[in-house]
Amino acid sequence: MKSFDRIRGEMGWKVRMAFPVDFYTYGNIRAVTGAVIYGYLHKDFWRKVRRKKSVQIKGSTYHFLSPNYNPFEAKAPISVLGINKIFQISPSTASRLKNKAGDHQLLSIQKNFSDIIPHKKAMELCLKYNDMRNNLICREGKTRLQLIDTVLPLFLFSKRKKLKA
């Protein structure tokens, strides 16, 4: 049996974010796992956006984010294929974890779809030769592409104290 600090040292983890687990959340471990994975990637997405939208000119830093920007209220696009590449979790498992977290109100999930596609056969041919996944769906009698879902965590991470460097 290894402690968290020992695992953290062996794996070289620098992040001190933590999700508090109590009796209720312990019973819903899949929902908590999904929430932590998607919550971490949400935080990472907005951290990278903040980094890219800042420019330093003549010693002064200019930020190009809107003045009412709040990453705690902004959704972020997080792909199940990205989770597959980062955490080596299959896309179907990543989708199930996301849906479980959404069912337990740990995540707010918004499904996104493209505009209506007038020629389904032409789009299928285009997707086939572009080596893209066929995400065509029929919604309200119209054919659309399913886009990446946007996710907003409905919880806050806490910081672990007294961690060794």
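**View 1. Helix α5, end to end.** Helix α5 runs over residues 91–103, so-called by its place in the count from the N terminus (helices are DSSP runs of H or I with at least four residues, strands are runs of E with at least two). With 13 residues, α5 reaches 18 Å from its first C-alpha to its last, close to the 18 Å expected at 1.5 Å a residue (1.5 Å times one less than the number of residues). After α5 comes Gln-105, with a positive phi near 55°. Keep in mind that this is a predicted model: local features need pLDDT of at least 70, side-chain atom pairs count only at pLDDT 80 or more, and totals for chains, interfaces and linings use all residues. Residues are numbered from 1 along each chain as its sequence is written, and side-chain values use heavy atoms, with hydrogens and water left out.

View 2. Ala-94, Leu-97, Lys-98, Ala-101 and Gly-102 are buried (under 20% relative accessible area with a 1.4 Å probe, protein chains only; exposed is over 50%, partly exposed in between). They sit on the same side of α5 because they cover an arc of only 135° around the axis, taken from the directions from the helix axis to the C-beta atoms. Turned away from that side are exposed Arg-96 and Asp-103. The cover over the buried residues includes α3 (29–52), α4 (80–87), β5 (107–110) and β8 (150–153).

**View 3. Thr-150 in its strand.** Thr-150 belongs to strand β8 and is buried, at 13% relative accessible area. Setting aside neighbours within four places in sequence, its contacts (heavy atoms within 4.5 Å) include Lys-75, Pro-77, Ser-108 and Asn-112.
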